[in-house]
Amino acid sequence: DYKTYNDHVYIVNEMYGGETGMQVVDLIPLPESEPIQLETYSNIAQSHNLWIDPSGFAFIEHYTGDNIQIANLLNPSYPIYESTFGNLANNCHDIFTLNNIAYVSEGYSNQFGIYDITNLNNIIPLANIPCEGYAHNAWANENETLLVTTEETQNKTVKIWDISDLNNIELLGEYLGENGLAHNAHIKNNLVYISHYSTGLKIIDIFNPSWPVEVAAYDTYPDNDDGGFVGCWGAYPYTENGYVYASDMQYGLYILDFEEINAGWVDGH
């Protein structure tokens, strides 16, 4: 996986050998010259994923006993160790942070954990949301009233949670495409962009989170809409030009021009 921060790209290796760990590549020379490989952060040998907080810290999914390691990227050429979640967030598969809160998808622990990371040396568990499937991905809206989760398990829905009160988290709505298998979900404004395996990209409106409505879709995998781990694996909506980038494991990268469209609800009495 990779993430960018201040015109640098951070690449996490999933292999052993030379230059293992988190590699830093400087993108500033592009497009006139080739990018430059900078420092390799070697405090980890192997990882699945990382998330970079806007404050300049990389949260790197690691392994038991150091489930999430935190690297300081304030000097991107020389990333250094900052802290760790230790034994918290066991079986972490994915992490997203916003406003000093971490939302951790804890995989085979079958729960999504919510943590206060105001003090990186004293991380505090706040709440957890149990699930029946594999806790795969979680994303909060900007004002942190809603959390959308995916479980990457056949026939397990994409769920929308009310997290405005962490002592009383409520399930508001659910959605699932034709193939019955969603991968990741990201929120932009009131829309959720879902990489939905064989059905491609799905976009749902959650302005009314109790009644999510599909407003757009693009099938990146035309072979079928069956279940299984094929098709769209990533969808990235955070662009200024309205483009959505969707990566399909079999058919490559799709660049889609999307003008936001919203659902309408009729409430009759």
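View 1. Phenylalanine 85 has a relative accessibility of 3% and counts as buried, where buried means under 20% relative accessible area, exposed means over 50% and partly exposed lies in between, for a 1.4 Å probe and protein chains only. The model is predicted, so that local features need pLDDT of at least 70 and side-chain atom pairs count only at pLDDT 80 or more, whereas totals for chains, interfaces and linings use all residues. Residues are numbered from 1 along each chain as its sequence is written, and side-chain values use heavy atoms, with hydrogens and water left out. Phenylalanine 59, at 2% relative accessibility, also counts as buried. The structure holds 14 aromatic pairs, a pair being rings of Phe, Tyr or Trp (its six-membered ring) whose centres lie within 6.5 Å, with planes under 30 degrees apart counted as stacked, over 60 as edge-to-face and the rest as tilted. The rings of phenylalanine 59 and phenylalanine 85 have centres 6.5 Å apart and planes at 80°, and the pair is therefore edge-to-face. Distant parts of the chain, 26 residues apart, are linked by this pair, with phenylalanine 59 in strand 6 (residues 57–63) and phenylalanine 85 in the loop between strand 8 (80–84) and strand 9 (94–98); strands are DSSP runs of E with at least two residues, numbered from the N terminus.

**View 2. The aromatic pair of tyrosine 193 and phenylalanine 258.** These two rings are edge-to-face, at 6.0 Å centre to centre with 85° between the planes. Tyrosine 193 lies in strand 18 and phenylalanine 258 in the segment after strand 23 (252–257), so that the pair links distant parts of the chain, 65 residues apart. Both tyrosine 193 and phenylalanine 258 are buried.

**View 3. The open sheet of strands 17-18-19-20.** Four strands form this sheet in the order given, with antiparallel pairing, two strands being paired if DSSP finds at least two bridges between them. Strand 17 (184–188) and strand 20 (213–218) stand at the edges with a single partner strand each, so one side of each has no neighbour in the sheet. Strand 17 is joined to strand 18 (residues 191–195) by 5 bridges, and asparagine 184 stands opposite serine 195 in strand 18.

**View 4. Aspartate 53 and its contact with serine 55.** Aspartate 53 lies in strand 5 (residues 50–53) and is buried, with a relative accessible area of 10%.

Terms used. A polar contact is a pair of N or O atoms within 3.5 Å; within protein, one must be able to donate a hydrogen and the other to accept it, and residues adjacent in sequence count only if both atoms are side-chain atoms.
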